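Subject: Structure for you to look over

Hello,

Here is the structure I promised to pass on. Please open it before you read the rest.

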Amino acid sequence: MPVTVNLDAVLTPDFQNSSITDLANAPTTALSGISPEQAEGLRLAFGIETITDLADNTFVRAAIAIREMAKVAQ
């Protein structure tokens, strides 16, 4: 049975019908709430241009790991 997920709430309208593969390569502005100016800041500060770049970013991954370990430590 295939798994489906509705990501419309976190995507801008232009990307709501995109495949998951296309989304991985989409610009960060495909994510609802990231403006072109914020996307440019991510690009300049961290070299982040796509959703995959954001997900693979060392600082993002470290922040997620710290949050998860803090949950276990409580």
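Below is what I found in it, from the overall fold down to single residues.

Please keep in mind that this is a predicted model.

**Overall fold**

The protein has four helices and zero strands. From the N terminus, the order is α-α-α-α. The radius of gyration is 14 Å, whereas a compact globule of 74 residues would come near 11 Å. Along the principal axes, the C-alpha atoms fill a box of roughly 40 × 40 × 20 Å.

Buried residues account for 18% of the 74 residues. Take the contacts between residues at least 6 apart in sequence: 18% of these join residues at least 24 apart.

**Charges and salt bridges**

The protein carries 4 positive and 9 negative charges. Side chains of opposite charge can pair when their charged atoms come close. How many salt bridges does the model contain? The count is three.

One of them sits in helix 2. Arginine 43 pairs with glutamate 40, with 2.6 Å between the closest N and O atoms. These two residues are three apart in helix 2, so about one helical turn separates them. Arginine 43 is partly exposed, at 34% relative accessibility. Glutamate 40 is also partly exposed, at 33%.

Glutamate 68 meets arginine 67 in a salt bridge of 2.7 Å, N to O. Lysine 71 forms a salt bridge with glutamate 68 too, and here the closest N and O atoms are 3.3 Å apart. Arg67, Glu68 and Lys71 are therefore linked in a network of salt bridges. Lysine 71 and glutamate 68 both lie in helix 4, three residues apart, about one turn of the helix. Glutamate 68 is partly exposed, with a relative accessible area of 33%. Arginine 67 is partly exposed as well, at 45%.

**Two loop residues**

Is threonine 28 buried or exposed? Threonine 28 has 1% relative accessibility, so it counts as buried. It sits in the loop between helix 1 (20-24) and helix 2 (36-46). Leave out residues up to four places away in sequence, and threonine 28 touches Ile34, Ala39, Leu42, Ile48, Glu49, Thr50, Ile51 and Leu54. Of these, Ala39 and Leu42 fall within the range of helix 2 (36-46).

Asparagine 57 lies in the loop between helix 3 (51-56) and helix 4 (58-73). With a relative accessible area of 11%, it is under the 20% cut-off, so asparagine 57 is buried. Setting aside neighbours within four places in sequence, asparagine 57 contacts Phe46 and Ile48. Ile48 is also among the residues that threonine 28 touches.

Alanine 45 belongs to helix 2. Its relative accessibility is 53%, over the 50% cut-off, so alanine 45 counts as exposed. How far is alanine 45 from serine 19 in space? The C-alpha atoms are 28 Å apart, and the two residues are 26 apart in sequence.

**Where to look on screen**

Start with threonine 28 and the residues it touches, including Leu42 and Leu54. Then go to helix 4 for the pair of lysine 71 and glutamate 68. Finish with arginine 43 and glutamate 40 in helix 2.

Best wishes

Notes. Residues numbered from 1 in each chain as written. Predicted model: local features only at pLDDT ≥ 70, side-chain atom pairs only at ≥ 80, totals over all residues. Heavy atoms only, no water. Buried < 20%, exposed > 50% of the residue type's maximum accessible area, 1.4 Å probe, protein only. Contact = heavy atoms within 4.5 Å. Salt bridge = Lys/Arg side-chain N within 4 Å of Asp/Glu carboxyl O. Rg over C-alpha atoms; globule rule 2.2 N^0.38 Å. Lys, Arg positive; Asp, Glu negative; His and termini not counted. Charge placed at Lys NZ, Arg CZ, Asp CG, Glu CD.
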